[in-house]
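Here's a quick briefing to read with the model open beside you. Have a look at the structure first, then work through the points below.

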Amino acid sequence: MDAATSATFDAFVRSRHPALLRYGFLLTGNQQSAADLVQDALERTGLAWSRVLRQDDPEAYVRRVMANRHVSLWRRLRRERLVAEPPDRVYADASPHVEDAMWVALGGLARRQRAVLVLRYYEDLSEAEIARVLGCAPGTVKSQAAKGISSLRAALGDKETSWTS
Amino acid sequence: MDELELELRRTLRDPARDVAPGSDPVAAVHAGMRRRARGRTAAGVGTVVLSLSAIVAALLLSGGPVSLPDEPAITPTLAPVVSPTVVASSSISPSPVVPSGVSGDGTSGAPVVPRAAVPIPPAGVDFAAVDVAFVGDWGWALGSASCNGVPCAAMRVTNDGGATWQPGLAPPAAVIPEGTVCPERHCVNRVRFAGIRDGYAFGGSQFTSSVGLTWQLTDSPSVHALEPGNGGVIRVVTSTEGCPPSCSFVAQRSEVGSSKWTDLKNPFLSGVRARLLRQGDDVYVIADQNRAGGVDAHAQIIVSHDNGASWQRRADPCTPIEPGDKGEFDATDAAVGADGTVVLLCTRRGDSGFRQHNVRVSTDAARTFGPGRILQSGAAGHIGVASAKSIVVSAGRGSTIQLLRSTDGGRNFTTVLTRERTGPVTDRLLGFSSAGSGSWIDGDGTSIWRTTDAGKTWTERLFN
């Protein structure tokens with residue numbers, strides 16, 4: 001990367017780092033994990049910056065990497081840590097953020113379910129777009145979303161299940 | 001979307017979940033990139049060494065002659081990482097801004113520095129805008145500035161509707177006033193954005209922007225006018241030798257962001273400059289003539305009501321209003337409102353008298369124009385229209401400049417703003433980007449006046 005290209009990347013990092021941190025926080029539910037996720041995605045993006053700049057919307061690219069890495073990390077942990085109960089839940093966030101019932105319930109979801117809901121309700125992506133981001137079938141997105149919403153309803157005391165596409 | 005889903009959306013978008021950033025993220029990211037690059041290079045070398053060992057072992061085992069390649073092609077997977085050095089002018093104070101527009105988190109917009117492949121453009125000082133484009137609350141002002149005492153192109157960007165402006169990225173071209181001979185290889189004087197991702201700077205050369213992070217030169221004929229809208233972009237180009245003053249104009253259409261342009265097969269159109277107006281499927285191209293050409297030098301106007309598929313010629317409606325007036329009037333400015341109202345500012349040729357302008361209004365897509373009214377003002381500069389119920393004209397009077405507004409279709413105008421004249425020209429720009437939102441840039445271009453109530457009230461904001 002030449003100096004000028006590097007400068008555009010630096011500029012991008014400076015300008016979008018806060019928004020990416022927030023997105024990471026929504027995905028992971030934890031500040032430290034969010035920072036790690038953003039750092040990892042930005043490093044990967046930086047190494048491909050010239051290509052990303054030519055072909056893609058840089059921020060959308062980073063967000064796709066983050067969502068994918070977040071879910072992939074869960075897959076890897078499941079492979080590597082053979083325990084009776086797979087680490088399907090994110091660990092508790094000790095950060096001083098607003099703790100409402102919905103946020104707590106979100107913390108109880110599996111990573112992929114949570115990622116699908118964040119992409120759907122925060123990023124406003126369609127099922128097809130979410131499927132492309134996560135590299136899975138639209139049907140998987142639909143079922144994960146339905147399970148996620150159902151889990152939230154259960155946690156919040158509402159047993160009715162629905163999914164608006 | 002049911003209550004739970006709405007609550008989920010509210011929770012995810014709650015500003016309380018913003019995360020305070022730590023120390024300089026750029027340094028940390030670059031350090032991580034260097035680690036990854038070293039890791040990849042080492043892995044690449046290791047793979048080659050293993051491969052060579054395997055070849056040697058295989059050959060030894062086979063009993064054949066051992067011959068190794070002279071220079072094994074050990075190619076690192078990555079080029080050496082260059083330390084990030086910003087070759088920016090010391091005149092950069094704040095860092096330029098680029099839009100993101102992806103997140104939907106409402107936090108878009110923040111400091112950034114420029115572009116690849118060309119020297120990093122400085123933000124410059126003494127910014128003076130020549131044009132502005134708005135998409136919702138995002139706005140881009142193209143102008144000139146002073147970079148270490150040398151004139152340079154500059155951009156200012158807002159993401160709060162024009163309340164505050166920060167340095168942005170300018171195309172690598174000279175920014176010159178319209179009608180000025182380009183002193184350099186590439187010149188621009190207009191900017192438009194089709195959404196916040198796809199930008200166009202033009203006025204001779206044409207540059208397109210990718211996410212606002214880069215400006216790339218488009219290989220095109222000379223671009224006189226360009227307007228996004230209705231899902232695509234239409235531009236007016238000329239490739240005529242000796243233009244100006246003798247230009248023939250061709251309208252072309254493209255998808256947003258595409259470099260492929262298709263001729264719209266418009267009727268022959270010639271003149272010294274072309275202006276383009278669009279609203280919905282209605283497209284208007286106005287070609288100004290050299291007014292030294294006498295009575296035949298009226299503007300040529302062509303109109304399309306099907307987004308450029310077919311065209312009709314229209315006569316220049318600028319004519320004298322008062323009985324017995326033998327003067328010639330020319331359409332010196334034109335605009336189209338959000339409701340389709342078309343307005344023309346007609347100016348008496350060669351007259352600097354008090355009653356030198358009239359305003360013609362069409363509410364049927366330029367098929368017919370109303371009878372016109374004399375504008376009781378000094379020398380008018382520009383005309384803008386929010387809707388048939390709000391037409392605004394800028395006009396100089398003595399040492400002041402005024403904005404005059406009509407709420408009755410151009411019959412009567414009242415003064416809504418008066419200020420001291422700030423530049424050698426009356427003003428630089430007047431226009432509306434919606435039925436309520438409009439901009440006015442006065443003579444020196446150092447500030448922008450914004451309205452959000454269709455021109456009733458105006459607020460000044462400084463660029464610098």
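Let's start where two chains meet: helix 8 (residues 138–156) of chain A and helix 1 (residues 3–13) of chain B have axes that come within 11 Å and cross at roughly 95°. That makes the two helices, helix 8 of chain A and helix 1 of chain B, roughly perpendicular (angles of 65 to 115 degrees count as that, under 35 as roughly parallel, over 145 as roughly antiparallel and the rest as oblique). Axes here are lines fitted to C-alpha atoms, for helices over the stretch in contact, with angles running from 0 to 180 degrees between N-to-C directions.

Keep in mind that this is a predicted model, where local features need pLDDT of at least 70, side-chain atom pairs count only at pLDDT 80 or more, and totals for chains, interfaces and linings use all residues. Residues are numbered from 1 along each chain as its sequence is written, chains are lettered from A and ligands numbered from 1 in the order in which they are written, and side-chain values use heavy atoms, with hydrogens and water left out.

**Helix 1 of chain B and its partners**

- The class count for helix 6 of chain A against helix 1 of chain B is 5 nonpolar, no polar and 3 charged residues.

**Chain A**

- Chain A has 8 helices and 0 strands; helices (H or I, at least four residues) and strands (E, at least two) are DSSP runs, numbered from the N terminus.
- Of the 165 residues in chain A, 56% are buried (under 20% relative accessible area, with exposed over 50% and partly exposed in between, using a 1.4 Å probe and protein chains only).
- In helix 6 of chain A, 11 of the 11 residues are buried, so this helix is largely enclosed by the rest of the structure.
- Cys136(A) is buried too, with a relative accessible area of 18%.

**The disulfide in chain B**

- Searching the whole structure turns up 1 disulfide over all chains, a disulfide being a pair of cysteine sulfur atoms within 2.5 Å.
- Cys318(B) and Cys346(B) form a disulfide, with sulfur atoms 2.0 Å apart.
- This pair links distant parts of the chain, 28 residues apart: Cys318(B) is in the loop between strand 18 (312–314) and strand 19 (329–336) of chain B, and Cys346(B) is in strand 20 (residues 342–348) of chain B.
- The link of Cys318(B) and Cys346(B) is left-handed, with -70° about the S-S bond.
- Both Cys318(B) and Cys346(B) are buried.

Notes:
Ala, Val, Leu, Ile, Met, Phe, Trp, Tyr, Cys and Pro count as nonpolar, Asp, Glu, Lys and Arg as charged, and the others, Gly among them, as polar.
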